[in-house]
Amino acid sequence: MDHSKMVAGKVKKPGKRGRKPAKIDLKAKLERSRQSARECRARKKLRYQYLEELVSSKERAICALREELDMYKQWCLAMDQGKIPSEIKALLTGDEQKAPQTSTNKILKNVKYSSKTS
């Protein structure tokens with residue numbers, strides 16, 4: 001029993017399927033591998049640089065938020081002692097020029113606005 005097949009007028013014998021291994025020069029294959037490794041290392045280096053920049057920007061944001069939190073704590077301590085911080089006075093009196101321009105002003109404006117509408 002012959003398992004060969006007729007395909008496009010040619011007789012195909014059973015065996016391995018798929019592409020035949022190309023006769024690639026060993027040196028060319030090694031050079032392609034080296035080039036691929038260089039590109040991989042370059043991508044990895046860029047990825048790590050990006051991540052380091054991202055971490056440092058997040059650390060700066062954390063420091064800024066901690067400073068803001070400390071400022072709020074000081075304000076609370078001052079108000080517990082019956083003193084009103086000048087920044088809050090400036091915001092409550094509407095004198096925006098005296099108060100430093102921070103995200104605190106926006107927050108307190110929203111608090112001030114929401115307390116008026118309630």
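## Overall picture

Of the 118 residues in the protein chain, 8% count as buried, a term that here means under 20% relative accessible area, with exposed meaning over 50% and partly exposed lying in between (1.4 Å probe, protein chains only). This is a predicted model, in which local features need pLDDT of at least 70 and side-chain atom pairs count only at pLDDT 80 or more, while totals for chains, interfaces and linings use all residues. Residues are numbered from 1 along each chain as its sequence is written, and side-chain values use heavy atoms, with hydrogens and water left out.

Where contacts (heavy atoms within 4.5 Å) link residues at least 6 apart in the sequence of the protein chain, 22% of them join residues at least 24 apart. The protein chain exposes about 11,300 Å², of which carbon and sulfur atoms supply 57%, the areas coming from the Shrake-Rupley method with a 1.4 Å probe.

## Helix 1

Helix 1 has 55 residues, which at 1.5 Å a residue should span 81 Å, and its end C-alpha atoms are 80 Å apart, in agreement with that value; the expected span is 1.5 Å times one less than the number of residues. Glu68, Trp75 and Ala78 are buried in this helix. Gly82, which follows helix 1, has a positive phi, near 90 degrees.

## The aromatic pair

A search of the whole structure finds one aromatic pair. Tyr72 and Trp75 form this pair in an edge-to-face arrangement, with 5.8 Å centre to centre and 70 degrees between the planes. Rings of Phe, Tyr and Trp (its six-membered ring) pair if their centres lie within 6.5 Å, and planes under 30 degrees apart count as stacked, over 60 as edge-to-face and the rest as tilted.

Both residues belong to helix 1 (residues 26-80), and because they are three residues apart, about one helical turn separates Tyr72 from Trp75. Tyr72 is partly exposed at a relative accessible area of 24%, whereas Trp75, at 9% relative accessibility, counts as buried.

## A nonpolar surface patch

Tyr50, Leu51 and Leu54 make a nonpolar surface patch of about 280 Å². Leu54 lies in helix 1 and is partly exposed, its relative accessible area being 33%. Patch residues have over 30% relative accessible area and no salt bridge, with nonpolar side chains (Val, Leu, Ile, Met, Phe, Trp, Tyr) joined within 5 Å and like charges within 9 Å; a salt bridge is a side-chain nitrogen of Lys or Arg within 4 Å of a carboxyl oxygen of Asp or Glu.

How values were computed
Helices (H or I, at least four residues) and strands (E, at least two) are DSSP runs, numbered from the N terminus.
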